[in-house]
Amino acid sequence: MSTQEWTYLIIGITFALYIGIAIWSKAGSTKDFYVAGGSVSPLANGMATAADWMSAASFISMAGLISFMGYDGSVFLMGWTGGYVLLALLLAPYLRKFGQFTVPDFIGTRYYSNTARIVAVLCALLVSFTYVAGQMRGVGIVFSRFLEVDINTGVIIGMLIVLFYAVLGGMKGITYTQVAQYCVLIFAFMVPAIFISIQMTGKVIPQIGMGSVLNDGSGMYLLEKLDKLSVELGFAEYTAGSKSMIDIFAITMALMVGTAGLPHVIVRFFTVKRVRDARKSAGLALLFIAILYTTAPAVAVFARTNLINTIHESTYSEVPDWFSNWEKTGLLSFEDKNKDGLIQYHASPEINELKVDRDIMVLANPEIANLPNWVIALVAAGGLAAALSTAAGLLLVISASISHDLAKKVFRPDLTDKQELRLARGAAVFAVIIAGYFGINPPGFVAAVVALAFGLAAASFFPAIVLGIFYKKMNKQGAISGMVVGICLMLFYMLKFKFGLFDGGVSAVNNLKEEWWFGISPEGFGTVAMLVNFIIALTVNSFYPAPPDSVQEIVENIRIPSGAKPPQNSH
Amino acid sequence: MKCKKRLLIRKIPSARRYQNKAANMSNTKHAKKYWSKNIRILSILLFIWFSCSFGTSILFKESLDHFMIGGFPLGFWFAQQGSIYIFVILIFIYVRQMNKLDKAFGFDEDQDSN
């Protein structure tokens, strides 16, 4: 069978599976819709959290990013896993004990104020919308390359699938499709990695292959060889990297704290039965995530070495099929600058003739390594599973923010459960349509903003939640001013140094690097904004009276694990 | 790791002594004691979390790179592999420690009616 037939077959089977699960797990109440009835097992929740978390960016872009960044790429690996330690130790068990439906629920109740709740809702919407647009785009790319349909048609097909199971099943449908999607995506990621590891080093486990001797007879370690190749082509040594230490430190911290503060990840811990299940499922989630995250750097090394070996100094007229296939998508391009008919790949833009979009490294990797057709099809299905699962999780946060946090808790407290459920479904449809619109017409800054979403989450939610749990005397004035100043500072820094808003547009951004505060890039600035949030919150806190006794009692109560009630839609 | 674990558990009084008190949730002294043990477990684990990610993989990366394990420079290995393994292990240690602590203080949920 051809690659395309395989792709139709595998994607068809996985889609049928997702739809089947959705029909089986239809939501009957708001409790089903928001938190899957609050009775998901830790194992299922661990897998669902892993799929929820690993987006198109993790599956499609991350290994490619790392392969072009070398050591600097470690910020993503550590940042997007280390955050789970914070989540498990500082947030998940307490928020589960608190036991309502959303993050704004916690902020609004703990800080006894609808202002706090609305600030939290706005932060949640800002973070989730930027994130979800990137997912729909990922769906479009996979469809256009592997099924050769138009990117827009791809986005619309993706929208319909998500719409179907998110609207019908809510959190319940999403949870069990995410379990299936985790299995698809991890299988799709591991199979080519194992194949290539065996090809290049003779080791079955990619994590070991990455640090082994090449089996091309040279007797060199793979990383040693890649360091040498990189230096020859004018790049920095692969294992050394080129970012400053303070920037690496700040970006890693911002990504970790941001991970712990992302609403679509936090809500997953509302779906388990007991506090101890919340702790355990955080551990399982990280275990499942770690399988992909420790393989990705190996894939990065294999792909980079393979790319340089097969393409550099080869004759353009004799390039393999995959090269021309990807050239059609515009993600790979060649310009014969010195007219010798050979492809030269080099760090310096004057002599470099090859442009490779980092997003294609994972998708093209099986083709570059000449793997069987079904493996290539599998990777396409995996990319879709990763994008759809994350999109669904985010859409749920958006719909719950609108129907629960705004409609039910602020404007119309008299809504019945049935009405709220109908509203939640309507909000999900609305959110899918907006996400699809941005997937079809991506604003140029989507990719940039997705990375910054972590900074926004770090600067707003994390300090407010941690202080709410660990500092009983924290009052609403402190928390609200912390959140507002934190997120505004982060937005300001982003607009100034990422979009050049105050200095004449995006073109001016490169010249502003010298002015970075403390030498920290916009991606790492979430760390600074988070610290500012903490400082402002604590300072303002000291000028106002302590929270009422009833609130202090809530705090004492969430610190003790026993007696956790299933989430209720009332106080 | 082993010796640290023991340190954590040593000072927790036997489960039985507290069983009756746990029934009474308003016993704030009991809850406070639980909370301070919890904070202690957190601080130790977060200290390891910090030193294994920011310490070995960033601040001391260059000096560790002089050592090799297989084909990996050590600092690079910590940054792209080791730190992630340690994160997973840390959460599972936390789960175990907290389950023990809950039991010792009579806060474990197995006794709940659900």
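This is a predicted model: local features need pLDDT of at least 70, side-chain atom pairs count only at pLDDT 80 or more; totals for chains, interfaces and linings use all residues.

Colleague: What percentage of the residues of chain B count as buried?

Modeller: A residue is buried if 20 or more other C-beta atoms lie within 10 Å of its own, exposed if 12 or fewer, and partly exposed in between, with C-beta atoms placed from the backbone. In chain B, 35% of the 114 residues count as buried. Among contacts in chain B between residues at least 6 apart in sequence, 57% join residues at least 24 apart.

Colleague: How many residues does the contact take from chain A and from chain B?

Modeller: Chain A contributes 44 residues and chain B contributes 36 residues. On the side of chain A that touches chain B, at least two residues each come from helix 5 (74-98), helix 10 (222-232), helix 11 (245-261) and helix 13. Helix 13 of chain A gives the most, with 12 residues. For residue classes, Ala, Val, Leu, Ile, Met, Phe, Trp, Tyr, Cys and Pro count as nonpolar, Asp, Glu, Lys and Arg as charged, and the others, Gly among them, as polar. That side of chain A divides into 24 nonpolar, 12 polar and 8 charged residues.

Colleague: How is the packing of two helices described?

Modeller: Two packed helices are described by the angle between their axes and the distance between the axes. Axes are lines fitted to C-alpha atoms, for helices over the stretch in contact, and angles run from 0 to 180 degrees between N-to-C directions. Angles under 35 degrees count as roughly parallel, over 145 as roughly antiparallel, 65 to 115 as roughly perpendicular and the rest as oblique. Between the chains, the axes of helix 5 of chain A and helix 5 (residues 74-104) of chain B come within 9 Å and cross at roughly 10 degrees. Helix 5 of chain A is therefore roughly parallel to helix 5 of chain B. Their contact has 12 nonpolar, 5 polar and no charged residues.

Colleague: Which residues are in contact with Ile91(B), leaving aside its neighbours within four places in sequence?

Modeller: With those neighbours set aside, Ile91(B) is in contact with Tyr84(A), Val85(A), Ala88(A), Ala282(A), Gly283(A) and Leu286(A). A nonpolar core is a set of buried Ala, Val, Leu, Ile, Met, Phe, Trp, Tyr and Cys residues joined through C-beta atoms within 7 Å. The largest such core has 219 residues, and among those that touch the most other members are Ile91(B) and Ala282(A).

Colleague: At what angle do helix 19 and helix 20 of chain A pack?

Modeller: Helix 19 (residues 476-497) and helix 20 (residues 525-541) of chain A pack at an angle of about 155 degrees, with their axes 7 Å apart. The two helices are therefore roughly antiparallel to each other. Their contact divides into 15 nonpolar, 8 polar and no charged residues.

Colleague: Where are Tyr112(A) and Lys339(A) found?

Modeller: Tyr112(A) lies in the loop between helix 6 (103-110) and helix 7 (114-146) of chain A. Although not a glycine, Tyr112(A) has a positive phi of about 35 degrees, and it is partly exposed, with 15 other C-beta atoms within 10 Å. Lys339(A) lies in the loop between strand 1 (332-334) and strand 2 (354-356) of chain A. Lys339(A), also not a glycine, has a positive phi of about 50 degrees, and it is exposed, with 6 other C-beta atoms within 10 Å.

Definitions and conventions
Residues are numbered from 1 along each chain as its sequence is written. Chains are lettered from A and ligands numbered from 1 in the order in which they are written. Two residues are in contact if their C-beta atoms, placed from the backbone, lie within 7 Å. Helices (H or I, at least four residues) and strands (E, at least two) are DSSP runs, numbered from the N terminus.
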